[in-house]
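The structure is shown first, and the description follows.

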Amino acid sequence: MSRTHVGSVDEFEHGDRTLTSVDGTSVGVFCVDDEFYALENECPHQGGPACSGRIGGEIVAEIPEPGKRKEERISDNLVVACPWHGWEFEIETGIHLGDDSICLEKFEVVVEDGEVYVTS
Amino acid sequence: MASFTVTDADAHYLEDLSRLSEYLEDDNPWKGRFGGDGKDSREDVGSVPVNIFPSSTGSRNLYGRIQRDEVSYPGEEMTADDVPRIMAHLGLDNCVLLSQKMLTFARLKADDERANVLAKTYTEYMLDQVVDPDEGVYTMIPVPWQDPEYAVELLDEYGDERGICGACMITGGAEPPMGNRKYDPIYEIAEKKDIAINFHTGGGGLDEFHQKGYEKFIETHTLGFLYNNASQIVSVVIQGVPEKFPDLKIAFQESGLFYVPTVMHRLDAEYLKRQSEAPLLEKRPSEYMKEFYYGIQPMELPEKEEYLEQIIEMIGGPDRLMYASDYPHWDYDRPSVITERPFLDESEKQRILSGTAEEVFGI
């Protein structure tokens, strides 16, 4: 098992992201609510840099009752959009928003003495 | 992985109207309207062709999710310097650039003048500044189908240029549809000069697609791009264009592949009952459609590879298909959509990635 140093916990705020290389693989490391998540930076669609795209809340909708306009809002669930074609992935799980059989590979993140590491 | 030669049958060049204006005479009022030095201001062009895409159903670029490192898209300008960067990004040996602004032709109904001005200045600008066959850079003449007589003049004047590899007809909005006899002179000169006619769908006017009231871009884009091409295929085939111009190379672009067998089989079913309405035809509609060429983008990737394999077989196999990127648009395809297919052998991949396009475009 190898460990790749990503940075100090202090360097990250909620919604921050950095790209790093883990054994030659490009990986995106994200901070969400003081937790860290690492996902492979290669989109399963056509190989785009999925983790480098726009970070935002998942758009969700509710129907108050039939016949009423659906209420769309941006939720707290952070997602990242591949900049090549817009495929969006939940940061906490790496799962595609539209099909849970599609996902970015997840890497283990360890925080030790205030330092963030990705293990592989 | 084997190294393939790649020819992109459809990448878009985002031409800047003010650069095109340099190819207009000083006394031409369109010089100012295109943003050049003239009395009329650019605003007078109105929403067309400056703002050419649907807006009410949503953002083409997913409200900022789509980004391009190589070019300023979704900006409005490219220069010749952008082309090698795009070709390197996609791994291209040859690329066929299409006018971005011609996609607006779908929205032009009565005004047949600005389409002519755009088509001519685009062609002159591209030949002067961008096209370079020695570097694999080609373009097609945008066909201003609103004015077939003028379109013929353009094909006659520029069709023999080395950097011109085809002529492009935007399939959205053409009324009457393109099997009508009024377009025959265009097909006639294209056949005579061996200029491939590329029917290319377009997003201009999609807000008013077929019936008004769709709420999201995913709805209008999914249906509109299909409908534009399907509507012209039906007309071109049933009105006998391939019978009238048997040596004319015909290609359809940018609606994926799965719609093609749908149109084939539906036309065949009707034709066997209503052959009397298509007396020019000597064989089933699908047989003509198997003689057309198709740009693959945006290629559908079903859950089972065998479904795609069967679709390609129904269309007529790799000899009918051309890799097309549609770069820099939001749904562009990379050559990997072909290189990664397990059911294609190396020669079939090479055929789709470049061989068919070389044949169609004379590259």
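The largest pocket in this predicted model has a volume of about 1,500 Å³. Its lining consists of 43 residues, and those closest to the centre of the pocket are H85(A), L62(B), I218(B), T222(B) and W330(B). Two or more lining residues are given by each of β5 and β6 (71-81) of chain A and α7 (217-238) of chain B. Of these elements, α7(B) provides the largest share of the lining, with six residues. Sorted by class, the lining comprises 17 nonpolar, 15 polar and eleven charged residues.

Is N41(A) buried or exposed? Its relative accessibility is 10%, and because buried means under 20%, N41(A) counts as buried.

The side chain of N41(A) has a polar atom close to each of two backbone nitrogens, at the distances below.

| Backbone nitrogen | Distance to a polar atom of the N41(A) side chain |
|---|---|
| A50(A) | 3.2 Å |
| C51(A) | 2.8 Å |

Which residues does N41(A) touch, not counting those up to four places away in sequence? They are L19(A), S26(A), V27(A), G28(A), G48(A), P49(A), A50(A), C51(A) and S52(A).

Notes:
Residues numbered from 1 in each chain as written. Chains lettered and ligands numbered in written order. Predicted model: local features only at pLDDT ≥ 70, side-chain atom pairs only at ≥ 80, totals over all residues. Heavy atoms only, no water. Buried < 20%, exposed > 50% of the residue type's maximum accessible area, 1.4 Å probe, protein only. Polar contact = N/O pair within 3.5 Å; in protein donor to acceptor, adjacent residues only side chain to side chain. Contact = heavy atoms within 4.5 Å. 1 Å grid on protein atoms, 1.4 Å probe; cavity = no way out; pocket = protein on both sides within 12 Å on 5 of 7 lines; lining within 4 Å. Points joined across faces, edges and corners; volume = space filled by probe spheres on them. Helix = DSSP H or I, 4+ residues; strand = E, 2+ residues; numbered from the N terminus. Nonpolar A, V, L, I, M, F, W, Y, C, P; charged D, E, K, R; others polar.
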